[in-house]
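Morning, everyone. Please look at the slide, and I will go through one structure.

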Amino acid sequence: MISPAVSAQDVCFKYQEGTRALDRVNFHADPGEFVAMLASNGSGKTTLIKVLIGLLKPEKGKVVIHGKDLSRIAKKDLFQTVGLVLQNPVDQLFAATVEEDVAYGPRNLGFEEDEVQRRVGEALACVAASELRHRAIHHLSYGEQKRVSMAGVLAMNPSILILDEPTAGLDPAGETLMMRLLNKLNREQGITIILATHNVDLLPLFADRIYVLQRGRVLKQGPSDEIFCEHEMIRDACLRLPYIATLLHKLKQHDGVPIAGLPLTIGEARSRLLELIPDNLIVKQPEVPQ
Ligand SMILES: Nc1ncnc2c1ncn2[C@@H]1O[C@H](COP(=O)(O)OP(=O)(O)OP(=O)(O)O)[C@@H](O)[C@H]1O
């Protein structure tokens with residue numbers, strides 16, 4: 001049996017001043033999976049991320065990375081296996097220029113300069129930021145800073161990427177770009193993605209599995225369709241359905257439109273609605289590439 005890329009087993013964590021932020025949390029992500037932690041503010045997402053990467057030590061339970069207890073993994077090996085992208089890029093970026101910042105990790109590991117430059121080039125290309133290479137960090141926009149901070153992590157070639165609120169503060173185009181980048185890293189390079197978010201609208205498009213957290217506990221985990229069909233649980237967790245699902249749910253419940261299942265994405269909703277429209281009312285238009 002293949003070990004999970006990351007697992008947290010019965011993890012409890014209490015902050016010094018007494019807040020119990022995690023209560024017997026069981027979490028795992030298999031190699032190559034795209035897993036989301038979905039929760040409202042203060043539910044323990046950031047705390048769980050910090051525990052998964054060893055920045056906080058659990059009071060009980062353990063974290064295992066690729067079959068090895070986290071407490072036994074040397075920091076140097078950990079940084080090359082698990083990359084952490086913080087919510088606020090300012091907390092991550094510290095060099096004067098983009099190139100210096102992205103090069104910092106590989107240089108620190110003692111790679112030859114050719115290899116460092118190769119990694120910087122590849123990491124920046126991965127996040128669609130090659131043209132920013134010689135720019136000053138403090139001149140970058142927030143969205144550019146987010147992508148550059150991700151490049152710094154990718155330059156270490158991690159097999160697991162953990163991101164805290166990667167779409168927070170981005171405009172709609174930036175959100176879509178970020179999620180597409182993560183999807184590409186996951187599908188094309190097989191990088192395991194774990195992210196914390198409140199963004200319910202984008203998750204059904206990308207996440208293989210979702211964990212819903214509330215007050216430090218896992219309420220439920222499973223694929224999007226299993227998560228979002230539990231309306232009461234979603235409400236109890238102070239979350240909501242994706243907007244498109246809310247619309248179709250209302251059309252079904254209040255207007256009796258016979259929509260099959262509960263579409264969670266615009267693509268699914270479009271297909272279900274088209275099934276209900278007679279062919280002679282549809283005038284087919286050529287598809288416009290997105
Ligand atoms: N350094 C700290 N000291 C004390 N309590 C903390 C600390 N950091 C977080 N907490 C508390 O732990 C709980 C979980 O916080 P955490 O930041 O993990 O939640 P979150 O789901 O990431 O929230 P958000 O979506 O607002 O970022 C909250 O009640 C918070 O007040």
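How far apart do the end C-alpha atoms of residues 6–240 lie? They lie 28 Å apart, and the span is 37% helix and 25% strand, where helices (H or I, at least four residues) and strands (E, at least two) are DSSP runs numbered from the N terminus. This is a predicted model: local features need pLDDT of at least 70, side-chain atom pairs count only at pLDDT 80 or more, and totals for chains, interfaces and linings use all residues. Residues are numbered from 1 along each chain as its sequence is written.

Next, the ligand. Helix α1 (residues 45–52) gives the largest share of the shell around the ligand, three residues. The residues around the ligand include Tyr15, Glu17, Lys45, Thr46 and Thr47; to be listed, a residue needs its C-beta atom, placed from the backbone, within 6 Å of the molecule.

Now Val82, which sits in strand β6 (residues 82–85). Is Val82 buried or exposed? Val82 counts as buried because it has 25 C-beta neighbours inside 10 Å; buried takes 20 or more other C-beta atoms within 10 Å, exposed 12 or fewer, and partly exposed is in between. Leaving out residues up to four places away in sequence, Val82 touches Ile53, Ile65, Pro158, Ile160 and Ile162, contact being C-beta atoms, placed from the backbone, within 7 Å. Val6 is 76 residues from Val82 along the chain, yet their C-alpha atoms are separated by 9.3 Å.

Last, Ala151. Beyond its neighbours within four places in sequence, Ala151 is in contact with Val102, Ala123, Leu124, Cys126, Val127 and Ala129.

Methods: Contact = placed C-beta atoms within 7 Å.
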